[in-house]
Amino acid sequence: MIPASTRYARAADVDHALELLAEPDAKVIAGGQSLVPVMKLRIARPSLVVDISRLALRGVQDRDGDLHIGPLTTWMELASSEILSRPALAAIAECAGGIGDLQVRNLGTIGGSVAHADPASDMPAVLLALGARLRLRGPGGERELALSEALLGPFMTALEPQELVTDIVVTVPPPGSGSAYVSVEHPASGFALAGAAALVRPSGTTVALTGVGATPFVLSGDDTSAAIAEAEIYGDRFASAEYRRDLATVVAERALAVARERAKEDA
């Protein structure tokens, strides 16, 4: 299909982007891998498309014990980052390398994925397991929000209409930690029917799921199987809730096994 008529503007910097987003129904575009498809279906009909793709919000850095990921960093850049080769952060590169096809990985951005909040998106589960925080900037200034608080439901976030993600921050796990991401994808769409991200630290483990609920979420407690059994799992025409629950148990166990092996490498 053909998108509805809209206007286009390229932001020169973050302040300019926020100024442009003051227009009602304006939408941000970076890689366009989430917005353009829904525009073609006319689900989204923005009055103005604000291009932020050339802003200085790209790259992966390790500063003072925190990992900083620019929201315009592409999947390909994450998959090939040397910083993310360490066992504790390996799930990020592992996940990014399996998203979409080559074209999607070269254009799609981590910030766009987080802001789009697709309930079957892969990377939010990884970021949740790692305890990621979003740094946001809007007309009222800057604020920091845990990703777990930002994801409200399918395609819904706590971001204000004029807010931009300017940084994604992860506290680097201590030595002896390992992470991993495992998913089973729908054969046609490539989205996760069930995906699990695991972080194993000396102090314990964290597992987050995607593709099985209204939004990616962190499992509570130390017993992963029991937590999945009690979790609210959604079914649809692609997979029943019962099937997705079983699948979630499998991918969670696999992710934990890989994360434990990687933690040994980092000991």
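A nonpolar core is here a set of buried Ala, Val, Leu, Ile, Met, Phe, Trp, Tyr and Cys residues joined through side-chain atoms within 4.5 Å, where buried means under 20% relative accessible area, exposed over 50%, and partly exposed in between (1.4 Å probe, protein chains only). The model is predicted, and local features need pLDDT of at least 70, side-chain atom pairs count only at pLDDT 80 or more, and totals for chains, interfaces and linings use all residues. Residues are numbered from 1 along each chain as its sequence is written, and side-chain values use heavy atoms, with hydrogens and water left out.

The largest nonpolar core contains 39 residues, and those with the most contacts inside it are L78, I92, M123, V126, L127, L134 and I168. Its largest share, six residues, is supplied by helix α7 (residues 123–129); helices (H or I, at least four residues) and strands (E, at least two) are DSSP runs, numbered from the N terminus. Contact means heavy atoms within 4.5 Å. Not counting residues up to four places away in sequence, I92 touches L67, I69, L78, L84, M123, V126 and L130. A second, separate core has 24 residues, among them A196, L219, A231 and L256.

An open sheet is formed by four strands in the order β11-β12-β13-β14, with antiparallel pairing; two strands pair if DSSP finds at least two bridges between them. The edge strands, β11 and β14 (217–218), each pair on one side only. Antiparallel strands β11 and β12 are joined by eight bridges, and A180 stands opposite A198 in β12. Between β12 and β13 there are seven bridges, also in the antiparallel sense, and A196 has L209 in β13 as its bridge partner. These two strands, β12 and β13, are connected by a hairpin through two residues. β13 is mostly covered, with five of its seven residues buried. Two bridges link β13 to β14, which run antiparallel, and A208 has V218 in β14 as its bridge partner. The hairpin of β13 and β14 has six residues between the strands, and G211 in this hairpin takes a positive phi near 85°.

Helix α10 (residues 241–265) has 25 residues, which at 1.5 Å a residue should span 36 Å; its end C-alpha atoms are 36 Å apart, which agrees. The expected span is 1.5 Å times one less than the number of residues. In α10, the buried residues are R244, L247, A248, V251, A252, A255, L256, A259, R262 and A263. An α-helix has 3.6 residues a turn, so residues three or four places apart point the same way. The cover over the buried residues of α10 includes α4 (90–96), β11 (178–185), β12 (192–201), β13 (204–210) and α9 (224–230). α10 packs on the sheet, touching β11, β12 and β13, and its direction makes about 30° with that of β12; axes are lines fitted to C-alpha atoms, for helices over the stretch in contact, and angles run from 0 to 180 degrees between N-to-C directions.

Two further residues were examined individually. L107 lies in helix α5 (residues 102–107) and is partly exposed, with a relative accessible area of 47%. L107 touches G31, Q33 and T74, not counting residues up to four places away in sequence. A146 lies in strand β7 (residues 141–146) and is partly exposed at a relative accessible area of 25%. Leaving aside neighbours within four places in sequence, A146 is in contact with A132 and R133.
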